[in-house]
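Colleague: Could you take me through the charged side-chain pairs here, and then through the overall fold?

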Amino acid sequence: MGNLNNERDKMPTLNQRKSNNLLGQLFRGARIKRNLTQAELAKQFNYTSPQFCSNWERGLVVPPTNILPKLCKLLKVDTKEVTTILLKKRAAELKAIFKN
């Protein structure tokens, strides 16, 4: 059985979930606006499952950093908006770390 404290440390905080959801909603809206399915978008990044998109659209994870430029370009999402969301997310993470 895993260490409960370690498992809690891995769970996203409320602020992290909000940031993930905000980013996911942004990309989901842009994907729908472009008439792309999750499967079609996933295929653009050589993923075989639409779960790749579903997970970050639901705020469970953030898209991999290495695909963000192409994702923003493909969906015509403002990179400054994505950067702002990600920086706020990271700032909240660091604040939580240094608070302890």
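Colleague: What separates glutamate 93 and arginine 90 along helix H6?

Modeller: In this predicted model, the side chains of glutamate 93 and arginine 90 meet in a salt bridge, with 2.9 Å from N to O. Because the two residues lie three apart in helix H6, what separates them is about one helical turn.

Colleague: Does glutamate 93 count as buried or exposed?

Modeller: The cut-off for a buried residue is under 20% relative accessible area. Glutamate 93 has 16% relative accessibility, and therefore counts as buried.

Colleague: And which class does arginine 90 fall into?

Modeller: A residue is called exposed over 50% and buried under 20%, with the remaining class in between. Since arginine 90 has a relative accessibility of 43%, the class is partly exposed.

Colleague: Which residues do salt bridges with shared partners join into one network?

Modeller: Besides its pairing with arginine 90, glutamate 93 forms a salt bridge with lysine 89, where the closest N and O atoms are 2.6 Å apart. Glutamate 93 and lysine 89 are four residues apart in helix H6, which spans residues 79–99, so about one helical turn lies between them. Lysine 89 is buried, as is glutamate 93. Through the shared partners, the residues joined into one network are Lys89, Arg90 and Glu93.

Colleague: Which helices does the salt bridge between glutamate 57 and arginine 31 link?

Modeller: The closest N and O atoms of glutamate 57 and arginine 31 are 2.5 Å apart, and both residues are buried. The pair links distant parts of the chain, the two residues being 26 apart. Arginine 31 belongs to the helix of residues 14–33 and glutamate 57 to the helix of residues 51–57, that is, to H2 and H4 respectively.

Colleague: How many salt bridges are there by this rule?

Modeller: The rule asks for a side-chain nitrogen of Lys or Arg within 4 Å of a carboxyl oxygen of Asp or Glu. Glutamate 57 meets it with arginine 31, and glutamate 93 meets it with lysine 89 and with arginine 90. The count comes to three.

Colleague: Turning to the fold, what pattern does the protein follow along the sequence?

Modeller: The secondary structure consists of six helices and zero strands. Read along the sequence, the pattern is α-α-α-α-α-α.

Colleague: What share of the residues counts as buried?

Modeller: The protein exposes about 7,300 Å², of which carbon and sulfur atoms supply 54%. Of its 100 residues, the share that counts as buried is 29%.

Methods
Residues numbered from 1 in each chain as written. Predicted model: local features only at pLDDT ≥ 70, side-chain atom pairs only at ≥ 80, totals over all residues. Heavy atoms only, no water. Buried < 20%, exposed > 50% of the residue type's maximum accessible area, 1.4 Å probe, protein only. Areas by Shrake-Rupley, 256 points an atom, 1.4 Å probe, with all protein chains shown as cover.
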